[in-house]
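Here are a few exercises to work through with the model open in your viewer. Try each task before you read its solution.

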Amino acid sequence: MLKTMSIKNAYLLSVLDGLKKKSAHEPEFLQAVEEVLESLEPVVEADPRYERQNIIGRIVEPERVVMFRVPWVDDSGKVQVNRGYRVQFNSAIGPYKGGLRFHPTVNLSVIKFLGFEQIFKNSLTTLPMGGGKGGSDFDPKGKSDGEVMRFCQSFMTELQRHIGPDTDVPAGDIGVGAREIGFLFGQYKKIRDEFTGVLTGKGLSYGGSLARTEATGFGLCYFADAQLRDNGQSFQGKRVVVSGSGNVAIYANQKCAQLGGKVVAMSDSNGYIVDENGIDYQVIKEIKEVKRARIKTYLDYVPSAKYVEGCSGIWTVPCDIALPCATQNEIDEASAKALIANGCMGVFEGANMPSTPGAIAAYQAAGILFAPAKASNAGGVATSGLEMSQNSERLSWTFEEVDAKLKGIMEGIYAACAAAAEKYGMKGNIQAGANIAGFLKVADAMLWQGI
Ligand code: NDP
């Protein structure tokens with residue numbers, strides 16, 4: 001059950017109440033909306049056009065939702081069926097843009113929450129991208145390459161009618177990495193007979209961008225570094241806990257170490273490892289990207305490390321900085337309090353909505369630094385935007401060029417969030433600043449474009 005938050009504005013309350021009735025079975029979506037609307041109270045009160053034009057009522061309703069059957073044949077010849085989704089949430093500032101998630105927990109609520117968050121995140125990047133998200137309850141874990149390929153081909157056979165380089169440009173997310181993007185792109189090209197930048201996260205040999213793989217994890221650390229420096233701190237000498245061991249977690253570990261931090265714990269959905277000497281990201285990369293094995297196998301490489309079954313216990317490992325990079329709602333109030341009790345001074349979100357409302361309230365009560373996902377993990381989609389630019393130009397930029405642009409974008413996002421928070425009387429509240437700065441650009445475009 002959602003906690004009742006502190007919204008008092010009658011217009012915002014009426015939109016939220018209506019949505020709670022219509023979307024009663026979509027708890028993740030309602031959680032994401034409530035978190036944004038709470039921050040928008042001073043903005044809506046300062047400008048009557050948002051209520052008059054019902055911008056809030058419109059922004060919480062996706063422009064289009066596509067749900068479809070995905071039949072595929074497994075290695076034993078049996079026909080399997082999964083459900084596919086694409087939520088095209090908002091195209092006010094550009095083509096829909098957002099990843100595809102393949103995971104058994106995927107449902108409409110999860111995809112709508114991710115698509116809603118994506119609107120504001122994409123706006124914060126300053127690039128012309130609208131918000132969208134998609135995926136399936138298919139689980140690539142334990143499937144052969146042939147099964148993954150047949151699933152991706154079937155998924156794209158339907159999805160291709162709804163996307164295009166100027167319409168909707170999907171990318172990866174949980175369970176969708178280089179292998180899946182390759183199969184999806186191959187099928188799009190075969191059916192549509194065109195070679196365009198319709199997906200991002202592509203391989204380098206067929207239109208991908210250097211530094212896209214690293215972008216979300218690197219970008220998270222660039223953002224955290226900017227926020228730390230603004231508060232007279234740095235990564236230097238800090239103990240860091242990173243949850244997850246996928247794309248975001250691996251490259252957050254790499255950049256964090258480069259900035260002087262030491263990652264002492266990482267996890268997967270089965271359990272977590274602790275290595276007091278610092279976890280080498282290259283070992284995790286080998287285990288997860290090459291062997292596709294469980295994190296437990298880290299002990300084969302570093303026998304002095306410790307493995308603990310169950311992933312939520314990772315937040316009891318003492319640290320200065322926490323980088324949640326696995327999934328939504330992975331830090332609840334009790335975990336947040338455990339982090340704070342152990343001296344954690346900052347939580348910077350790599351995953352989407354990893355902190356529950358109770359956890360965020362605990363960070364605020366303790367006065368620790370907090371970076372919300374829609375700002376701090378925007379580096380992935382920002383670099384996807386750079387991949388789209390390179391595809392349109394038919395040019396490839398160097399790793400250093402892309403990385404420098406990424407760093408500039410993340411520092412710019414931090415500055416924009418800090419400035420918006422200060423302007424609306426919430427200095428230092430980067431969560432509110434992110435919601436407000438992300439909203440203003442999209443709302444302005446919606447006002448210009450009429451209903
Ligand atoms: P990956 O699939 O590469 O890795 C996900 C990691 O999180 C794995 O270690 C996985 O463990 C773990 N995990 C997934 N689901 C759960 C769960 N229910 N409970 C515990 N652990 C879980 O995904 P990404 O690294 O790409 O994505 C991680 C997060 O970052 C997601 O929230 C995603 O939306 C967000 N994100 C990703 C971006 C990107 O560019 N990739 C961009 C912006 C945000 P296991 O292997 O055991 O499942």
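A polar contact here is a pair of N or O atoms within 3.5 Å. Keep in mind that this is a predicted model.

**Exercise 1.** Find polar contacts between the ligand and the protein, using that cut-off.

*Solution.*
- Step 1: Start with the side chain of Thr-216, where an N or O atom is 2.7 Å from an oxygen atom of the ligand. With a limit of 3.5 Å, that pair counts.
- Step 2: Go on to the backbone. Gly-175 has an N or O atom there that lies 3.0 Å from a ligand oxygen, and a polar backbone atom of Ser-245 is 2.9 Å from an oxygen atom of the ligand.
- Step 3: Check the cover. On its own the ligand exposes 890 Å², and the protein buries 85% of that.

**Exercise 2.** Work out which domains the ligand lies between.

*Solution.*
- Step 1: List the shell. There are 25 residues around the ligand, and among those that come nearest are Asp-173 and Arg-294.
- Step 2: Sort the shell by type: 6 nonpolar, 13 polar and 6 charged.
- Step 3: Look at the helices. Helix 8 (212–230) and helix 9 (247–258) each give at least two shell residues.
- Step 4: Domain 2 (64–196) and domain 3 (214–376) both contribute to the shell, so the ligand sits between them.

**Exercise 3.** Decide how many disulfides the structure holds.

*Solution.*
- Step 1: The cut-off is 2.5 Å between cysteine sulfur atoms, and the count comes out at 0.
- Step 2: Take Cys-221: its nearest cysteine sulfur belongs to Cys-256, 5.4 Å away. Cys-221 is buried, at 0% relative accessible area.
- Step 3: For Cys-325, the nearest cysteine sulfur is that of Cys-221, 7.7 Å away. Cys-325 is buried too, at 7%.

Definitions and conventions: Residues numbered from 1 in each chain as written. Predicted model: local features only at pLDDT ≥ 70, side-chain atom pairs only at ≥ 80, totals over all residues. Heavy atoms only, no water. Near = heavy atom within 4 Å. Polar contact = N/O pair within 3.5 Å; in protein donor to acceptor, adjacent residues only side chain to side chain. Areas by Shrake-Rupley, 256 points an atom, 1.4 Å probe, with all protein chains shown as cover. Helix = DSSP H or I, 4+ residues; strand = E, 2+ residues; numbered from the N terminus. Nonpolar A, V, L, I, M, F, W, Y, C, P; charged D, E, K, R; others polar. Domains from an automatic or database assignment. Buried < 20%, exposed > 50% of the residue type's maximum accessible area, 1.4 Å probe, protein only.
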